[in-house]
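Hi,

Here is the structure I promised to pass on. Have a look, and then read on for what turned up.

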Amino acid sequence: MDRDDPSPASPPSPGPGQLIGRGHDLALIRDFVDEAALSGGALLLSGDAGVGKSVLLDAAAAYARGADVRVVRAAGVEFESAVSFAGLHQILHQLLPGIEQLMDPFRSALSVAMGLDNGAPSGQLMVSNAALTLLIQAAAERPLVVVVDDLPWLDRASAMVMGFVARRIPGSRVGFLGAYRSGEGSFFERGGLPEHHVRPLDEGAAAELVGDRFPSLTPRVRQRLLADAQGNPLALLELPIALSGTHRAGTRPLTGLPDVLPLNRRLQAVFASRVEALPASTRSLLLCAVLDGTGDLRILRSAVSGRTDMEDLAYAERAGLVYVDDSTGRLTFRHPLTRSAVVELSTSDERRQEHRALATQRADRPERRAWHLAQAAVGPTEEVANLLEQVAHDIVRRGDAGGAIAALLRAAELSPLGYDRGRRIAEAAYLGADLTGDLRDVPRLLEDARRADGGRAGPLVAAVAAAHHLLLSGEGDLDTAHRLLVGAIEMQHQPYDATDATMIEALYTLTWVCHGAQRAELWKPLDRALSLLKPDLPGQLAMILSTVADPARTAPAALGRLDEAVASLDQEADPVRVIRIAMASTYVDRLAGCRTAVRRMLRDGRDTGSVTLELQGLVFLGRDYFAAGEWDAIEAQTDEGRRLGEAHSYRLLSTDFLYQRALVAAARGDEATTRALTDEMTRWAAPRGVGFFLSCASHAQALAALGRGRFEDAYRHASAISRAGELASHVPTALLLIMELVESAVRTGRLAEAAAHVAAVREAGVAAISPRLAMTVEASAAIAATDRHAADLFEEALAIPGTDRWPFELARVQLAHGERLRRARSNTKARTQLISALDTFERLGATPWAARAGNELRATGPARRQAERTGPASLTPQQREIATLAASGLTNKQIGERLYLSPRTVSAHLHQLFPKLGVASRAALRDALAETPLD
């Protein structure tokens, strides 16, 4: 570049009406703003660097203001990406007066998260709901659009909050418009929000833009620039500036920019040259602004006082690199490449100097101060390491596990002592295993912790992290995880401190390990540790132990406390507590009461990127869906869960989805699928000592065999879980197979064993746990009883209120009762029970059970059977809808899409309803349905 021929300043950004070649993009954005002003919504812009996303955001903001829509603007900043809620502060500080109008706890949650007030940090969900409420409140007076550039550089905590908001604003008058560079992995990119990809300008528009802005370029130079820029607007506007006057006139060869550099590198070189031309004092001021990230002129003035003058800012403004936003009074960089160039041209000493200056200005913001001090440090310093560790503990309570891990790892780097370094790395590993949902880095972090601590066994938190990894990933076995935890717990000072969060987490983790193993002897060290815990065993841990460890014997005493906990879930914001209450509910039939909270937790897990929450939510919902007879919902959900679990190395939770699918396949008579799924479960669980899934495999196999009438096989699988005549100690799965064991024992002539098992469950008081178990116990007693007493016992079982919540179990009791009544020649009563059972089995698609009920029903009298069970009136509501849709010409796939069923389920229903209507093909359905009114 010729120094005697200075290049012109960057041309001013055109107004929205002057954007060349962007008619379609502008129309789409204006439509979005109009719609958002009426009913809210979100839109993401993606595209290459320099393609024009930021200019389109400017155009959207200008159009919104012209339409009397309030605009709130912010941008992700690379050097703020480690500071939790920095982006949220950018967005919401413009709405600060509205925070005071919020009700607590929303007001305090936002005030603490944004650093406006001291206090205990709130959870991620509370902050997210508070932000959503504030935005909707602000839009009540006047529609509001939030415009955020550079989404990938938002700190993770802010991204999770705004992702939560963006998915919930439809129906409000709040719009969210964001932009991110393609390929940078925006958190929002995976969230399913509407997206518009901004493409380069076409050849004609590119030529028009260059001709309009640089009319003096010769044709040869113009063609070279058009070829190099590839339709990228930023390149079209900036590359000419990098050429000297003689280059632009075409009187010298085009050597200003090397051909070997890719487009992005050439643009970076352009911005670097423009920054380099600024006075040193101006570059220092810009460096301070970049590292601060807030654009707050008050902070900048204080930080650079005595070294530079704010007048130096004018040089950067005249060069077109920055501007002061009139609406916010904050310094804004015109393009992210300017920020990058400022940092790249600075030295490490200069950066440390600015970080130290900024730290002195941030005494009121402990997290920012700690990070600035950490960036300024040149060697180990326990003072700064301790500050970062405190920051990590604060932000993990706000739900930002990723931010906490980053703070802990930097604290570890600054730790002078090996023990502290190892402890901090181990805690980061634990957060990675327990909260972030990514297990892949855990082994490396644990090894780093071991090395940092001189190769010793490591602190308790390291053992918890390692056990979590072994338990969830399946890369080790449960015996190893058990030994690791027990050894680390027993090394702690006695008595154990019940207020020590790490100790309590270790006991929870040991509980999950013991539950997974399902061996009574493994619980003894846990019981010993619990006896040494002072002053008291935490109530939630006590409740879980009562309902999970050995519920047949200990659950009844804890049910009152559990019912209170379940009733409070609608107000529960802590996802970990939701998980634990749902786990405590699993074996005592309280999952139905947890469904709303679990769904909310699942949705929040998707919004915040927490794979752990998402997987746990899918597991508990699947269990409840099977109990409630919502089997068609399980197929898609378990597919999603398996993909997610396998992608993030969560093999333990992935295997639970095999179990759920196996139960449905078993009940529906798909023996090949049942066998394949249970074989896969067994192959994985056996070498790892995961007795829980061995029991689950036996459960599915017993159910499949019982449905097909293979009673010897059913008895073998059921008694493998718990021998007849006893409820196996610390094997909660035994509560799921009481009737299977008794029925298969009776059918194989083991009458004494059946009676002994009924006596065992009665003695344990299992019937007091739930309506399902009460019905199961009475029905099992009826199955094992003599004919004289059986009818009364069956009637007592069916009279228990609330059992319709478990339709499959209820139908099985009705089938067993009908079978016994038919053998007693009470055909009329038998038909009542059998028809009810058959309707339920057909609705569920439980083919072998429907066949059993149908055979029994036919045996009560074919004439009556035909009268009662043929014609359109005999169809269930779902069968009627399927028949009508099939008669209209829809395929099984199309019917399934309308009714949220799988094509296979639709086929099964059609197979069942054809005989009822007396037809053999779809073509005859229309006439058959017309014969008798369906109502």
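Before the rest, some ground rules. This is a predicted model, with local features needing pLDDT of at least 70 and side-chain atom pairs counting only at pLDDT 80 or more, while totals for chains, interfaces and linings use all residues. Residues are numbered from 1 along each chain as its sequence is written, and side-chain values use heavy atoms, leaving out hydrogens and water.

Back to that pair: the side chains of Lys916 and Glu842 form a salt bridge at 2.5 Å, N to O (a side-chain nitrogen of Lys or Arg within 4 Å of a carboxyl oxygen of Asp or Glu). Lys916 sits in helix H47 (residues 903–917) and Glu842 in helix H42 (residues 827–844), so the bridge ties together parts 74 residues apart in sequence. Helices here are DSSP runs (H or I, at least four residues), numbered from the N terminus.

The structure has 39 salt bridges. In another one, Glu505 pairs with Arg580, with the closest N and O atoms 3.0 Å apart. Glu505 belongs to H25 and Arg580 to H29 (residues 575–585), so this pair links parts that are 75 residues apart in sequence. Both Glu505 and Arg580 are buried. There is also a network of salt bridges linking Glu671, Arg708, Arg710, Asp713 and Arg716.

H25 (residues 501–517) also packs with H26 (residues 523–531) at an angle of about 155°, their axes 10 Å apart. Axes are lines fitted to C-alpha atoms, for helices over the stretch in contact, and angles run from 0 to 180 degrees between N-to-C directions. H25 and H26 are therefore roughly antiparallel (over 145 degrees). On the H25 side, Leu507, Leu510, Thr511, Cys514 and His515 meet Trp523, Leu526, Ala529 and Leu530 of H26, with contact meaning heavy atoms within 4.5 Å.

Trp523 turns up again with His730, which is in contact with Gln518, Ala520, Trp523, Ala549 and Asp550, leaving aside neighbours within four places in sequence. His730 lies in the loop between H36 (711–721) and H37 (738–747), and counts as buried at 17% relative accessibility.

Cheers

Technical notes:
Helix = DSSP H or I, 4+ residues; strand = E, 2+ residues; numbered from the N terminus. Parallel < 35°, antiparallel > 145°, perpendicular 65-115°, else oblique. Buried < 20%, exposed > 50% of the residue type's maximum accessible area, 1.4 Å probe, protein only.
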